[in-house]
Amino acid sequence: MDLNIALLKGDGIGPEIVDSTVAVLEKIGKKFGHRFTFTPYLAGGCAIDATGEPLPQETVDGCKASDSVLLGAVGGPKWDTLPGHLRPERALLGMRSALGLYTNIRPAKLYSALKAECLLREDIVAKGVDLVMIRELTGGIYFGERGRRQGAMGEEAYDTECYSEKEVERIARVAFETAKKRSKKVTSIDKANVLESSRLWREVMHRVAAEYPEIECTDMLVDNAAMQLIKNPSQFDVVVTSNMFGDILSDESSQITGSIGLLPSASLGDSKCGMYEPIHGSAPDIAGQNKSNPIATVLSGAMMLRYSFDLEEEARAIEAAVDNVLNAGWRTADILGTSTAAPLSCTEMTEKILEQI
Ligand code: NAD
């Protein structure tokens, strides 16, 4: 296959983890006979520096014209004081909107090689963790009406959580279809005891669940979910939730699996063109030091092969390479745990993965 991939390297560790993934995809291309053409575009803080805006139109047009998009991460302290509409993170929201990417798929798996590094109690770890978090990505409070105004107690700021039936229904279908291919269990997370938007979320979930009698669907309040993820994570298989709850809970699940540097994600809409990125940010504390873990981004590349290009065998080849590297004991600093061995740099970890393909 001939495929065009837009690269948004972004800021901080973004460029080094995207370069690692490009190297891995090129090796896969050679091995399986595909030609990947990579075109870089500016997004985030680097785009602000070069053009004055976080998401230039050229980037949107380039991504729309490509077969898929690989993103590193955007943001950093340099741009933290800019007004909201000029912050690097606007590039992410803008890309999700422009490509209609309403589904975010975030698998969280505890690798057996990393069980010792898991922060949870041994008996909890022994049961394993292998869940998929499905986060709604273009609705809710991150996209709702916001602003500032004068109130009785001085200046007020507000953000609005708003969901439509259609938005909930389409993400519900993604969750139930995903559950069909896994252990036929969906947990829908909301805050229906307090929020009206969650009550609609729950009503629509139940309506869609009725079309999937073979799937067991359970509701859970988000505060309980945050607790259950620590207490008994093996109870979860497919988890579906709103934009903000998913943002927070997926970071929590990353800590159960060892490091945020391990977890990939896919953002999808109705077309095959998706955006693939690690769930972590630009890690300014280790930027430019070649210390980052490239695995989350490399596995995002595997998700791209699977979801956008239907290249299952090639995706599995990347996942197996990562498994082999971890099983062999190779570690970057974030997954070193109590080991006293010297950690691998980002480029050294990339080399180890490449050797396994
Ligand atoms: P972060 O995810 O960047 O970092 C949190 C911690 O995890 C840091 O200690 C960091 O060193 C570590 N870490 C993250 N990725 C790692 C990797 N691959 N290997 C090793 N260690 C890793 O979160 P933050 O510090 O809250 O945010 C930093 C910047 O990133 C902010 O500007 C934030 O807005 C932005 N951000 C961007 C995205 C995105 O681009 N999708 C997502 C989240 C945060």
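**Cavity and domain interface**

Tutor: This is a predicted model, and the structure holds one cavity of 30 Å³ or more.

Student: What is the volume of the largest cavity?

Tutor: The volume of the largest cavity is about 50 Å³.

Student: Which residues line the largest cavity?

Tutor: The lining consists of Glu161, Tyr163, Ile189, Asp190, Ser197, Ser198, Trp201, Ser242 and Phe245.

Student: Let us turn to the domains. How is the chain divided?

Tutor: Domain 1 comprises 1-101 + 269-357, and domain 2 comprises 119-256. Their C-alpha centres lie 25 Å apart. Six residues from domain 1 and nine residues from domain 2 take part in the contact.

Student: Which three residues supply more of the area that domain 1 buries against domain 2 than any other three?

Tutor: They are Leu93, Arg96 and Ile279, which together supply 65% of the area that domain 1 buries against domain 2.

Student: How many salt bridges are counted between domain 1 and domain 2?

Tutor: The count is zero salt bridges. The count of residue pairs in polar contact between the two domains, with both residues at pLDDT 80 or more, is also zero.

Student: What classes of residue does domain 1 present on the side that touches domain 2?

Tutor: That side of domain 1 has three nonpolar residues, one polar residue and two charged residues.

Note on methods
Residues are numbered from 1 along each chain as its sequence is written. This is a predicted model: local features need pLDDT of at least 70, side-chain atom pairs count only at pLDDT 80 or more; totals for chains, interfaces and linings use all residues. Side-chain values use heavy atoms; hydrogens and water are left out. Domain bounds come from an automatic or database domain assignment. Contact means heavy atoms within 4.5 Å. Buried area is the accessible area (1.4 Å probe) that two parts lose on being put together, summed over both. A salt bridge is a side-chain nitrogen of Lys or Arg within 4 Å of a carboxyl oxygen of Asp or Glu. A polar contact is a pair of N or O atoms within 3.5 Å; within protein, one must be able to donate a hydrogen and the other to accept it, and residues adjacent in sequence count only if both atoms are side-chain atoms. Ala, Val, Leu, Ile, Met, Phe, Trp, Tyr, Cys and Pro count as nonpolar, Asp, Glu, Lys and Arg as charged, and the others, Gly among them, as polar. On a 1 Å grid over the protein atoms alone, a cavity is a set of points where a 1.4 Å probe fits but cannot get out, and a pocket is an open set with protein on both sides within 12 Å along at least five of seven lines; lining residues have an atom within 4 Å of a point. Grid points are joined across faces, edges and corners, and a volume is the space filled by probe spheres set on the points.
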